[in-house]
Amino acid sequence: MFDQLKEMIVNYVDADPDSIEMDSRFAEDLGFNSYDYMCMLGDCEDEFDIEIDESEAAKKKTVGELLNYLEEMA
């Protein structure tokens, strides 16, 4: 699931997939804005066939935090 999430991330920001780590922060390290982040969450819902609580997912600041949340929902 981590590799799939990295592939989605690079669709939204100019980042090398190999540089994306579990502690990478979406805004500070990867350059996400809130619109891109919410769009990516929609992709996650489609990719993993889950329903994401946007207010809960918005609290996730790192790739690892979001990944843990997605794995719980799957």
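**Helical architecture, packing and surface of the predicted model**

K6 lies in helix α1, where helices (H or I, at least four residues) and strands (E, at least two) are DSSP runs numbered from the N terminus. K6 is buried, with a relative accessible area of 14%, buried meaning under 20% relative accessible area, exposed over 50% and partly exposed in between (1.4 Å probe, protein chains only). When residues up to four places away in sequence are not counted, K6 touches P17 and I20, a contact being defined by heavy atoms within 4.5 Å.

The structure is a predicted model, in which local features need pLDDT of at least 70 and side-chain atom pairs count only at pLDDT 80 or more, whereas totals for chains, interfaces and linings use all residues. Residues are numbered from 1 along each chain as its sequence is written, and side-chain values use heavy atoms, with hydrogens and water left out.

The secondary structure of the protein comprises four helices and zero strands, and the elements follow the order α-α-α-α from the N terminus on. The radius of gyration is 11 Å, close to the 11 Å that the globule rule gives for 74 residues, so the protein is as compact as a globular protein of that length; the radius is taken over C-alpha atoms, and the rule is 2.2 Å times the number of residues to the power 0.38. Along its principal axes, the C-alpha trace spans about 25 × 20 × 20 Å. Of the contacts with a separation of 6 or more, 52% are accounted for by residues 24 or more positions apart.

Buried residues make up 38% of the 74 residues in the protein. In helix α4, which covers residues 63-73, the buried residues are V63, G64, L66, L67, Y69 and L70, and these pack against α1 (2-10), α2 (34-48) and α3 (54-57). The C-alpha atom of L70 is separated by 15 Å from that of C39, the two residues being 31 residues apart along the chain. C39 lies in helix α2 and, at 24% relative accessibility, counts as partly exposed.

Two loop residues were also examined. S19 is found in the loop between α1 and α2 and counts as partly exposed at 41% relative accessibility; S19 and L30 are eleven residues apart in sequence and 9.6 Å apart in space, C-alpha to C-alpha. D49 is found in the loop between α2 and α3 and, at 72% relative accessibility, counts as exposed. Most residues other than glycine have a negative phi. D49, although it is not a glycine, has a positive phi of about 55°.

The protein exposes about 4500 Å², of which carbon and sulfur atoms supply 41%, the areas coming from the Shrake-Rupley method with a 1.4 Å probe. The largest pocket has a volume of about 170 Å³. A pocket is here an open set of points on a 1 Å grid over the protein atoms alone, where a 1.4 Å probe fits, with protein on both sides within 12 Å along at least five of seven lines, and its lining residues have an atom within 4 Å of a point. The lining of the largest pocket consists of F26, A27, E28, F32, N33, S34, Y37, M38, A58, K60 and K61, and these residues divide into six nonpolar, two polar and three charged.

Note on methods:
Grid points are joined across faces, edges and corners, and a volume is the space filled by probe spheres set on the points. Ala, Val, Leu, Ile, Met, Phe, Trp, Tyr, Cys and Pro count as nonpolar, Asp, Glu, Lys and Arg as charged, and the others, Gly among them, as polar.
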